[in-house]
Amino acid sequence: MFKEIKREDLNELVDIYIEAFNGEPWNDNWTYETASKRLENMLDDSGFYGLKLIKDNEIVAFILGHEEQYYDGIMFNIKEFCVRKSIHGNNVGSKLLEEFEENLKEQGVKEIVLMTKRHDKAEGFYNRRGYKTLEHLIFMSKEK
């Protein structure tokens, strides 16, 4: 069952987030505190929208981000997409993404963008679902 994410989902979302991103292929070092802060910031964004998949009264996957107004319409930026490892390979991610895209279309979103790791598990997942790697854009960073 698909439902919109609410603030009271935060604790469950944090658990899934840590499990997903502290594992392959990201190998991050999220703590409950840092993951909670990141997700809280997103939930508080005025353009926030998120969808969760519930199975047996438990959140098993979620996708979220925020919309941004551009001169030619609304673009949605997917910030996080997590699926519990125990259900990987069951098309859960594909079904959630499909439902999410349909909901965004109904909300008038003209384009969906996201940033992910160059790795077949991440980039390949999106490529196989019609997302293109943009060659004309670069992602830049500066450490302080």
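Colleague: Which residues does asparagine 77 touch, leaving out those up to four places away in sequence?

Modeller: In this predicted model, asparagine 77 touches Leu64, Gly65, His66, Glu68, Val113 and Leu114.

Colleague: And where does asparagine 77 lie?

Modeller: Asparagine 77 is part of strand S4, which covers residues 73-83.

Colleague: Is asparagine 77 buried or exposed?

Modeller: Buried: asparagine 77 has a relative accessibility of 16%, and the cut-off for buried is under 20%.

Colleague: OK, switching to arginine 118. Where is the place of arginine 118?

Modeller: You'll find arginine 118 in the loop that links strand S5 (109-114) to helix H4 (120-127).

Colleague: Why does arginine 118 count as exposed?

Modeller: Because its relative accessibility is 63%, and exposed means over 50%.

Colleague: What is arginine 118 in contact with, leaving aside neighbours within four places in sequence?

Modeller: With those neighbours set aside, arginine 118 has contacts with Glu123 and Thr133.

Colleague: How far apart are arginine 118 and asparagine 11 in space?

Modeller: Their C-alpha atoms are 29 Å apart, and 107 residues separate the two in sequence.

Colleague: Let's look at a helix. How many residues has helix H3?

Modeller: Helix H3 has 15 residues, 92-106. From first C-alpha to last, H3 reaches 21 Å, close to the 21 Å expected at 1.5 Å a residue.

Colleague: Which residues of H3 are buried?

Modeller: The buried residues of H3 are Val92, Gly93, Ser94, Leu96, Leu97, Phe100, Asn103 and Leu104. As background, residues three or four places apart in an α-helix point the same way, because there are 3.6 residues a turn.

Colleague: What comes just after H3?

Modeller: Glycine 108 does, with a positive phi of about 90°.

Colleague: Zooming out, in what order do the elements run from the N terminus on?

Modeller: The order is β-α-α-β-β-β-α-β-α, giving four helices and five strands. The protein is as compact as a globular protein of 144 residues, because its radius of gyration of 15 Å is close to the 15 Å that the globule rule gives.

Colleague: What box do the C-alpha atoms fill?

Modeller: Roughly 40 × 35 × 30 Å along the principal axes.

Colleague: How much of the protein do buried residues make up?

Modeller: Buried residues account for 42% of the 144. As for the surface, the protein exposes about 9,400 Å², with carbon and sulfur atoms supplying 47% of that area.

Definitions and conventions: Residues are numbered from 1 along each chain as its sequence is written. This is a predicted model: local features need pLDDT of at least 70, side-chain atom pairs count only at pLDDT 80 or more; totals for chains, interfaces and linings use all residues. Side-chain values use heavy atoms; hydrogens and water are left out. Helices (H or I, at least four residues) and strands (E, at least two) are DSSP runs, numbered from the N terminus. The radius of gyration is taken over C-alpha atoms; the globule rule is 2.2 Å times the number of residues to the power 0.38. Buried means under 20% relative accessible area, exposed over 50%, partly exposed in between (1.4 Å probe, protein chains only). Accessible areas come from the Shrake-Rupley method with a 1.4 Å probe; for residues, only the protein chains shown count as cover. Contact means heavy atoms within 4.5 Å. The expected span of a helix is 1.5 Å times one less than its number of residues.
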